[in-house]
Amino acid sequence: MTTCAALIVAAGRGQRFGGSQPKQYAPLNGGTVLRRTLKAFCAHAGVGEIVVAIHPDDAALFAESAKGLPRVRAVHGGAQRQDSVRLGLEALAKNSPDLVLIHDGARPNISAVVIDAVVAGLADADGVLPAVAVVDTLKRVSGGTVGETVSRENLVRAQTPQGFRFSLILAAHQKFAGEALTDDTALFERAGHAVRIVAGDESNVKVTTMDDLARMNAALGEVRIGQGFDVHKFAPGNSVMLCGISVPHSHGLEGHSDADVALHAATDAILGTIGAGDIGQHFPPSDPKWRGAASHQFLRHAYELLQARGGALTHLDITIICERPKVGPHRAAMVASIAKILDLDESRISVKATTTEGLGFTGRGEGIAAQAVATAKV
Ligand code: MG
């Protein structure tokens, strides 16, 4: 039986990406970019051993991304992509598979269909490249002006996994070690081997920038709704904090922090989208550190937890329930305040108010209640 291994290249530092960590370890759809890539190969019955070429500094990040996945092991890559591929191939040489698929760790949307097409193509070819058509008109430019229009005829965009007969690609990498070639098929062609084209997939894109990642997270995420509710009672004072705005009133609100009941409800709503507990767990009232604390930091913390999971907040809708103070005159400032805390467009924030027609504790003017609903893609 033909054996097929996969080599995932994930040793790059991602100079164009600009995140706090290499792009292959950036959060994507509840895991990381690399984890999603690895899962696609682990789930494919035609792929046996999976070797990942990583940067030596990334051992811990890799372990987290590969946790629980079968048949996956890491080897240290080199300074350039080509060195990493060669070192990965040499690591695979011990078991010497018949075929190898070489794939970018930062192409997490690889489908079983494309993997199948590459493997099938290797039945009667030594090298296979998945590619997609060039649909946009191409222009050669110089100094900000168009020089000429380039014909799209016979042009395709190369993707990965690129598939090869293992012994041939290993020999080619060893022969041309140290030369800078852009991809593995370029090196394979240089060694005199033919490369067959099979259909790639438009969604098999490479994560290169933060924008790519945000788009991918938005496309992959599922819609989650979180809700929050909070009450604070009135105490002596002359203003209340609502949505980060100080609103003059005949009383203040009692609470361990600044008692911003609206931001507390909003914080719990955002935590709810990721099942991350409640505000009291993250900021215990028993901790003197939070005495009188400005509540915008609670909201910001919840939002950053959501972002750390690759999530994006779509909308936040807050309802403040009280007879007094009147919220209307402050509504615009409240929306602006929350938009600023979350660095979101004001169109994604809603602040509403209602009374309870004189009924219940809010009707008797004993305190203020607030509820919030957060919508997120996670
Ligand atoms: Mg509270």
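Q: Why does H232 count as buried in this predicted model?
A: The relative accessible area of H232 is 13%. Buried means under 20%. The value falls under that cut-off, so H232 counts as buried.

Q: What makes H264 buried or exposed?
A: H264 has a relative accessible area of 7%. The cut-off for buried is under 20%. H264 is therefore buried.

Q: What makes D230, H232 and H264 donors of the magnesium ion?
A: Their distances do. The atoms are OD of D230, NE2 of H232 and ND1 of H264, and they lie 2.1 to 2.3 Å from the ion. A donor must be an N, O or S atom within 2.8 Å of the metal. These atoms meet that limit, so they count as donors. Along the chain their spacing is D-x1-H-x31-H.

Q: Why can H232 and H264 be said to tie together parts of the chain?
A: H232 sits in strand β13, residues 223–236. H264 sits in helix α8, residues 261–273. The parts are 32 residues apart in sequence, so the pair ties them together.

Q: How many aromatic pairs does a search of the whole structure find?
A: Four.

Q: Why is the pair of F283 and F298 called tilted?
A: The ring centres are 4.4 Å apart, and the planes stand at 35 degrees. Rings pair if their centres lie within 6.5 Å. Stacked needs under 30 degrees and edge-to-face over 60, and the rest count as tilted. At 35 degrees, the F283 and F298 pair is therefore tilted. F283 belongs to the loop between α9 (279–282) and α10, whereas F298 belongs to helix α10, so the pair ties together parts that are 15 residues apart in sequence. F283 and F298 are both buried.

Q: What makes the pair of W290 and F298 edge-to-face?
A: Here the planes are at 80 degrees, with centres 5.7 Å apart. Edge-to-face means over 60 degrees. The angle passes that mark, so the W290 and F298 pair is edge-to-face. W290 is buried, as is F298. Ring pairs join F283, W290 and F298 into a cluster.

Q: How do you know that the second largest pocket lies between domain 1 and domain 2?
A: Look at its lining. Domain 1 (4–219) and domain 2 (222–377) both give residues to it, so the pocket lies between them. The pocket has a volume of about 380 Å³. Its lining has 17 residues, and A214, Q307, G310, G311 and A312 lie nearest the centre.

Q: Which elements supply the lining of the second largest pocket with at least two residues each?
A: α7 (210–220), α10 (296–308) and β17 (312–321). α7 gives the most, with six residues. By class, the lining holds nine nonpolar, five polar and three charged residues.

Q: What lines the largest pocket?
A: The lining has 22 residues, with G12, R13, G14, K23 and R81 nearest the centre. β1 (4–10) and α3 are the elements that give two or more. The volume is about 570 Å³. Six lining residues are nonpolar, ten polar and six charged.

Q: What makes the largest cavity a cavity and not a pocket?
A: A 1.4 Å probe fits in a cavity but cannot get out, whereas a pocket is open. The largest cavity has a volume of about 30 Å³. R81, Q82, H173, L181, T182, D183, D184 and L187 line it. α3 (81–92) and α6 (184–190) each give two or more of the lining residues.

Note on methods
Residues numbered from 1 in each chain as written. Predicted model: local features only at pLDDT ≥ 70, side-chain atom pairs only at ≥ 80, totals over all residues. Heavy atoms only, no water. 1 Å grid on protein atoms, 1.4 Å probe; cavity = no way out; pocket = protein on both sides within 12 Å on 5 of 7 lines; lining within 4 Å. Points joined across faces, edges and corners; volume = space filled by probe spheres on them. Helix = DSSP H or I, 4+ residues; strand = E, 2+ residues; numbered from the N terminus. Nonpolar A, V, L, I, M, F, W, Y, C, P; charged D, E, K, R; others polar. Domains from an automatic or database assignment. Donors = N, O, S within 2.8 Å, 3.2 Å for Na, K, Ca; no water. Buried < 20%, exposed > 50% of the residue type's maximum accessible area, 1.4 Å probe, protein only. Phe/Tyr/Trp six-rings, centres within 6.5 Å; stacked < 30°, edge-to-face > 60°.
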